[in-house]
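Here is a short walk through one protein structure, meant for someone meeting it for the first time. Please keep the sequence and the 3D view open while reading.

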Amino acid sequence: MTLWFTSDTHFADSRVLKIDRRPFANMAEHDGALIANWNALVAPEDEIWHLGDFARGTTEEVEAVLAQLHGTKHLVIGNNDPEPTLSAKGWASLQHYREMRIDGQLFILCHYPFRTWNQIGKKSINLHGHSHGKLTPVTRQFDVGVDPQGLRPRRIEEIVVSRRKTKAG
């Protein structure tokens, strides 16, 4: 099993085509590409944490998207996750905030980026969405949204290493 992170897919939310300038002509193309990117990486037995702003639409429409996506899916609720998204079948868990240890490292998961967070002085790491890659992060803070992550989910090793390479280069 591999552990994946993503955020801000905004399935069926046409505002992202204009606001975030995503490179798609329409929502069918957008949603199809994001689903294909997700399923090319995430295996059915993998676990994926979506840090908010998953989709708009009816409960049935959201469930149809969830059914197409591989993996055990957890949602950390975002500001653009309406009731139909929250009540859709297909989520293994729903929460506004989550702390987890990965290989002994504490990770703080929330849709929103924090200025400070639990155990920041002990080198914990904040994973977030919401800012669509437009916020300058502080040390040990990473935007896992699809916009800064190549329109696809990422493993924690990719997220942390990608920033180190950016700073070194």
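The paragraphs below treat a strand and its partners, and then a helix and its surroundings. The model is a predicted one.

Begin with strand S1, which covers residues 3-6. Strand S2, made of residues 47-50, pairs with S1 in the parallel sense, and the pairing runs over 4 bridges. Within this pair, Trp-4 stands opposite Ile-48 of S2. S1 also pairs with strand S9, residues 154-155, here in the antiparallel sense and over 2 bridges. In that pairing Phe-5 is placed opposite Arg-154 of S9.

Now turn to helix H2, which spans residues 27-41 and so has 15 residues by the definition of a helix as a run. From its first C-alpha to its last, H2 reaches 21 Å, close to the 21 Å expected at 1.5 Å a residue. At the start of the helix, a side-chain oxygen of Asn-26 comes to within 3.2 Å of the backbone nitrogen of Ala-28.

Which residues of H2 are buried? They are Met-27, His-30, Asp-31, Leu-34, Ile-35 and Trp-38. Viewed down the axis of H2, these buried residues fall within an arc of 120 degrees, so they line one face of the helix. The face turned away from the buried side of H2 carries Ala-28 and Ala-40, which are exposed.

Key: Residues are numbered from 1 along each chain as its sequence is written. This is a predicted model: local features need pLDDT of at least 70, side-chain atom pairs count only at pLDDT 80 or more; totals for chains, interfaces and linings use all residues. Side-chain values use heavy atoms; hydrogens and water are left out. Two strands pair if DSSP finds at least two bridges between them. The expected span of a helix is 1.5 Å times one less than its number of residues. Buried means under 20% relative accessible area, exposed over 50%, partly exposed in between (1.4 Å probe, protein chains only). The arc is that of the directions from the helix axis to the C-beta atoms. A polar contact is a pair of N or O atoms within 3.5 Å; within protein, one must be able to donate a hydrogen and the other to accept it, and residues adjacent in sequence count only if both atoms are side-chain atoms.
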